[in-house]
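Trainee: I would like to learn how to read a protein model one feature at a time. Could we go through one together?

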Amino acid sequence: MTVEEGVELARFTTLGTGGPARAFARPESVGDVEELLRWAVERSLPVAAVGLGSNLLVADEGVDALVLRLAGELASVTVEGDVLHAGGGAANAVCLHRARAAGLGSFEFACAIPGTIGGGVWMNAGAYGGDFSQVLERALVATADGTGWLTPSELGLSYRHSDLRHGQVVVEAELRLHPRPPEEIRAEVRELNAQRKAAQPTNRRTFGSVFKNPDHELSAGRMLEACGLKGHRIGGAQISPKHANFIENADGARTADAIALMAEARRRAFEQFGVELRHEVEFLGELSLPPLAA
Ligand SMILES: Cc1cc2nc3c(=O)[nH]c(=O)nc-3n(C[C@H](O)[C@H](O)[C@H](O)COP(=O)(O)OP(=O)(O)OC[C@H]3O[C@@H](n4cnc5c(N)ncnc54)[C@H](O)[C@@H]3O)c2cc1C
């Protein structure tokens with residue numbers, strides 16, 4: 001297995017920001033991942049997997065870890081009966097396409113989630129009332145101590161959350177789907193994509209929802225809009241003028257710009273609504289948000 005040094009992770013995030021990884025590899029089999037996990041243990045390096053970087057903020061200074069991007073067999077998709085078998089690095093779009101071709105529905109919710117199966121399991125990604133916990137039968141997770149199958153409850157899936165931690169790599173997943181005519185799937189996907197396009201900045205570099213929706217009558221987006229944050233800019237990053245729970249790379253943004261916008265948004269939501277917004281986007285590297293003043 002080739003391990004590269006200093007690979008710039010900005011290439012692998014949808015926002016287009018982030019510094020280099022201390023070590024980077026593209027495993028193509030479960031055996032490769034296991035070998036790399038052992039390699040990292042010998043060097044006391046943490047391990048993190050990245051998918052399509054569509055929910056990821058990577059520190060500008062880089063990441064002192066071995067970063068894995070699954071490829072080859074680990075990005076493949078097959079269908080057997082009503083079960084879709086996907087590598088952890090398989091794109092949701094490819095899975096949806098294969099499911100539709102096989103006349104299997106229930107994964108339509110993922111049509112506008114631009115990530116991979118591994119990232120979807122990690123985040124319990126979802127939209128329009130569906131999420132991974134509803135279709136996931138089990139996931140094969142590799143760690144330095146061994147590889148084994150985990151069910152959704154063993155993974156601790158809840159709203160945009162799993163109990164997975166860096167060092168645990170989702171190498172494969174099985175999704176149980178339900179027979180549905182391909183034309184119906186196509187029509188629903190068309191409708192969901194139209195809804196998405198009307199409400200969100202789909203033609204900009206973003207990382208999806210910045211904050212989880214709080215337990216409040218207002219969604220995070222509506223709350224930040226009420227705080228007057230639409231279009232607010234710091235450095236090269238700006239809060240989307242179209243949807244306030246998105247941050248766009250307006251012009252040469254750095255991760256630090258996005259973090260500064262997030263800190264400002266949390267401060268204003270706390271002052272105006274008494275709500276502590278929690279970030280949905282995942283952090284890689286030394287990144288944190290300042291505590292809110294009581
Ligand atoms: C325009 C846009 C719209 C979006 N809409 C939605 C939406 O409607 N609903 C929603 O839930 N999300 C949405 N997102 C966010 C994002 O697409 C999802 O969270 C997606 O599941 C992330 O997958 P990824 O492969 O890109 O993961 P990444 O962003 O690369 O990683 C996310 C986390 O998963 C971990 N990870 C990734 N792969 C693996 C693996 N194989 N094993 C272990 N850990 C892994 C990473 O370490 C990281 O902690 C949107 C993003 C964009 C840019």
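Trainee: Which side chain does a polar contact of 3.0 Å join to that of arginine 180?

Mentor: The side chain of glutamate 184. A polar contact is a pair of N or O atoms within 3.5 Å; within protein, one must be able to donate a hydrogen and the other to accept it, and residues adjacent in sequence count only if both atoms are side-chain atoms. Arginine 180 also has a polar contact of 2.5 Å with the side chain of glutamate 188. Before going on, note that this is a predicted model, where local features need pLDDT of at least 70 and side-chain atom pairs count only at pLDDT 80 or more, while totals for chains, interfaces and linings use all residues. Residues are numbered from 1 along each chain as its sequence is written, and side-chain values use heavy atoms, leaving out hydrogens and water.

Trainee: Where is arginine 180 placed?

Mentor: In the loop between strand S14 (178-179) and helix H6 (182-199). Helices (H or I, at least four residues) and strands (E, at least two) are DSSP runs, numbered from the N terminus. In space, arginine 180 lies 5.2 Å from leucine 104, C-alpha to C-alpha, although 76 residues separate them in sequence.

Trainee: Is threonine 17 buried or exposed?

Mentor: Buried means under 20% relative accessible area, exposed over 50%, and partly exposed in between (1.4 Å probe, protein chains only). Threonine 17 has a relative accessible area of 3%, so it is buried. Arginine 180, at 24%, is partly exposed.

Trainee: What does threonine 17 contact?

Mentor: Contact means heavy atoms within 4.5 Å. Leaving aside neighbours within four places in sequence, the contacts of threonine 17 include Leu9, Leu57, Asn249 and Thr255. With threonine 255 there is also a side-chain polar contact of 2.7 Å. Threonine 17 itself sits in the loop between strand S1 (7-8) and strand S2 (20-25).

Trainee: In what order do the strands of the open sheet come?

Mentor: Two strands pair if DSSP finds at least two bridges between them. Here 4 strands follow the order S1-S2-S5-S3, with mixed pairing. S1 and strand S3 (47-50) are at the edges with a single partner strand each, so one side of each has no neighbour in the sheet. S1 and S2 run antiparallel, joined by 2 bridges, and glutamate 8 stands opposite proline 20 in S2.

Trainee: How many helices and strands does the protein have?

Mentor: It has 8 helices and 18 strands. Buried residues make up 49% of its 294 residues.
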